[in-house]
Amino acid sequence: MTFQLIDVNNSGQNVTCPHCQHAVLDWSQEQYIQPCEHTLFIAMDLGFEFISDAFEQTMPRSVDEIHAHDEQGLHILNELTQATFKDYQIYKMDLGVEGLYRYIGFSQVAL
Ligand SMILES: [Zn+2]
């Protein structure tokens with residue numbers, strides 16, 4: 001495993017990139033998903049909101065394939081952690097709904 005999982009207790013708060021301080025989740029914007037050049041993915045247990053090409057290429061299944069099979073229930077974290085991308089962080093935060101989380105991946109280096 002080449003990632004670090006970080007629990008963030010902040011459902012409903014903005015999330016800033018640890019490398020460039022860009023607000024990647026910015027609830028004051030109508031389009032609240034604002035990926036920066038370090039953002040690998042933004043995903044919930046309900047589906048992907050954003051994926052970078054660089055990260056998707058390292059996943060065993062594409063996002064389209066994952067979504068096409070979601071009738072059996074998504075296991076987003078399982079899919080994400082099978083990727084072979086090196087040295088990244090996953091921020092994991094509660095969605096405010098029992099058992100559902102959002103995951104944001106940050107690369108150490110700009111994509
Ligand atoms: Zn950044």
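Start by selecting β1 and β6: these two strands run parallel and pair over 6 bridges. Strands here are DSSP runs of E with at least two residues, helices are runs of H or I with at least four, and both are numbered from the N terminus. Two strands count as paired if DSSP finds at least two bridges between them. Click Ile6 and you'll find its bridge partner in β6, Tyr91.

A word on what you're looking at: this is a predicted model, where local features need pLDDT of at least 70, side-chain atom pairs count only at pLDDT 80 or more, and totals for chains, interfaces and linings use all residues. Residue numbers start from 1 along each chain as its sequence is written.

Now bring in the rest of the sheet. Its 5 strands make an open, mixed sheet in the order β1-β6-β7-β4-β5. At the edges sit β1 (3-8) and β5 (47-51), each pairing on one side only.

Next stop, the core. Which residues have the most contacts inside the largest nonpolar core? Select Phe41, Ala43, Leu80, Tyr103 and Ile104; the whole core has 18 residues. (A nonpolar core is a set of buried Ala, Val, Leu, Ile, Met, Phe, Trp, Tyr and Cys residues joined through C-beta atoms within 7 Å.) Colour the elements that give two or more residues to this core: β3 (23-25), β4 (39-44), α3 (76-81), β6 (88-94) and β7 (101-107). The biggest share, 4 residues, comes from β4.

Zoom in on Ala43. Leaving out residues up to four places away in sequence, Ala43 touches Phe48, Glu49, Ile76, Leu80 and Tyr103. Contact means that C-beta atoms, placed from the backbone, lie within 7 Å.

Then hop to Leu95, in the loop between β6 and β7. Leu95 is partly exposed, with 14 other C-beta atoms within 10 Å. (On this scale 20 or more other C-beta atoms within 10 Å means buried, 12 or fewer exposed, and in between partly exposed, with C-beta atoms placed from the backbone.) Beyond four places in sequence, the contacts of Leu95 are Ser11, Met44, Leu100, Tyr101 and Arg102.

Last, two spots for your backbone check. Gln21, in the loop between β2 (15-16) and β3, has a positive phi near 65° without being a glycine. Gln21 is exposed, with 9 other C-beta atoms within 10 Å. Asp87, in the loop between α3 and β6, isn't a glycine either, yet its phi is positive at about 55°. Asp87 also counts as exposed, with 10 C-beta neighbours inside 10 Å.

Note on methods. Two residues are in contact if their C-beta atoms, placed from the backbone, lie within 7 Å.
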